[in-house]
Amino acid sequence: MKSYKAKINITLREGILDVQGKTVEHALHSLEYKDLSHIRIGKYVELTVIAPDEQSAVEKVSSACNQLIANPIIEDFKINIEEVTK
Amino acid sequence: MKFGVVVFPGSNCDHDAYYASSVNAGYDVEYLWHKDSSIPSDIDCIILPGGFSYGDYLRCGAIARFSPIMNEVIRFANNGKYVIGICNGFQILTESGLLPGTLLKNNNLKFICKDVYLKVENTNTHFTKEYKSNEVIRIPIAHGEGNYFAEESVISELEDKNRVIFRYTGADGNFDVAANPNGSVNDIAGIISAGGNVLGMMPHPERYSDNILGCSDGIRIFISIANNLN
């Protein structure tokens, strides 16, 4: 078995109004950062997974994301996985 | 008639739900611990109370949904028994898939604690028989994430089947943007399951079930359920 580090980025699905992002965008515009836009605020989750290979590691993390870590009704997630070498 | 109020770590409306169903409405009630793996056979209706179960970590209701008792609550609901989720309880019901959709952050990002008016849109349900059709009732809300959202097809289905039973409205019964406190799609405040035996609502009927508080519009939900059984 190998050890992998999974880095998961969770964001609100496109088309769902991100009220936090909008509020931060307004604040930035009032600070003269007029050319910053389309701000989306999400979550970042990091975890270690033990699996025989990278594909099964991704599958395991993906299943955990669908079941608990993210809410598929409103959130998308991206998994970045790297083997941990001692 | 016996209610069971589930207590999760972080529930804070469990005592109110207990008081409303027993002292105010006059029925039997007992607390059920979130780690319990069975529901006593004499319970007719489970209440998932408001609060901040598991500190609202990850998403409201996401962790509570995997408490041992929730497997039993899901089985209980699937057997056609009554379940009410109030506020955090509604969030737990959507996370568990017993009700569709989800609750987003309020569109003004504020935690809102105030009285709102609701229109009772469907009085032909187990939970609303004691109300008059299109009656406007006053019930308090207290939430930061009560902005009901579901895909368009889900909303259409809910509306076509009369499963939206409470909508935020003005005191006069007219819908307007100002009366919707949190941005919920189509002013939705409470819905029922396809089988009609599971109710989820953000407002707190248990907080307005005692005349001493100046309003007891909420108590008729508890009475409606009991009257179905009698």
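I started with Asn228(B): setting aside residues up to four places away in sequence, I find it touching Tyr82(B), His126(B) and Lys129(B). Contact here means heavy atoms within 4.5 Å. Before going on, I note that this is a predicted model, where local features need pLDDT of at least 70, side-chain atom pairs count only at pLDDT 80 or more, and totals for chains, interfaces and linings use all residues. Residues are numbered from 1 along each chain as its sequence is written, chains are lettered from A and ligands numbered from 1 in the order in which they are written, and side-chain values use heavy atoms, with hydrogens and water left out.

**Asn228(B), continued.** I placed Asn228(B) in helix H5 (residues 219–229) of chain B; helices (H or I, at least four residues) and strands (E, at least two) are DSSP runs, numbered from the N terminus. Asn228(B) comes out at 22% relative accessibility, so I log it as partly exposed. The cut-offs are under 20% relative accessible area for buried, over 50% for exposed, and partly exposed in between, with a 1.4 Å probe and protein chains only. I also checked Asn228(B) against Gly144(B): they are 84 residues apart in sequence and 33 Å apart in space, C-alpha to C-alpha.

**The sheet.** I traced an open sheet of nine strands in chain B, ordered E2-E1-E3-E4-E11-E10-E9-E6-E7, with mixed pairing. Two strands pair if DSSP finds at least two bridges between them. At the edges, pairing on one side only, are strand E2 (28–33) and strand E7 (136–143) of chain B. From one strand to the next I get an average twist of 25°. Axes are lines fitted to C-alpha atoms, for helices over the stretch in contact, and angles run from 0 to 180 degrees between N-to-C directions.

Helix H1 (residues 14–24) of chain B packs on this sheet and touches strand E1 (2–7), E2 and E3, with its direction at about 160° to that of E2(B). I found helix H3 (residues 88–95) of chain B lying across E3, E4, strand E10 (188–192) and strand E11 (198–201), at about 120° to E4(B).

Which way do E3(B) and E4(B) run? They run parallel, with four bridges joining residues 45–48 to residues 82–86. Leu48(B) stands opposite Gly85(B) there. At the E7 end, strand E6 (residues 112–120) of chain B pairs with E7(B) in the antiparallel sense over eight bridges, and Tyr117(B) has Arg138(B) as its bridge partner. Six of the eight residues of E7(B) are buried, so I count that strand as largely enclosed by the rest of the structure.

**Cores.** The largest nonpolar core holds 64 residues, and Ile46(B), Ile84(B) and Tyr148(B) are among those with the most contacts inside it. A core is a set of buried Ala, Val, Leu, Ile, Met, Phe, Trp, Tyr and Cys residues joined through side-chain atoms within 4.5 Å. Helix H2 (residues 68–78) of chain B gives the largest share, six residues. I also noted a second, separate core of 13 residues, including Ile8(A) and Cys65(A).

**Rings.** I count six aromatic pairs over all chains. Rings of Phe, Tyr and Trp (its six-membered ring) pair if their centres lie within 6.5 Å; planes under 30 degrees apart count as stacked, over 60 as edge-to-face and the rest as tilted. Phe90(B) and Tyr148(B) have ring centres 6.0 Å apart and planes at 10°, so I call the pair stacked. Both Phe90(B) and Tyr148(B) are buried.
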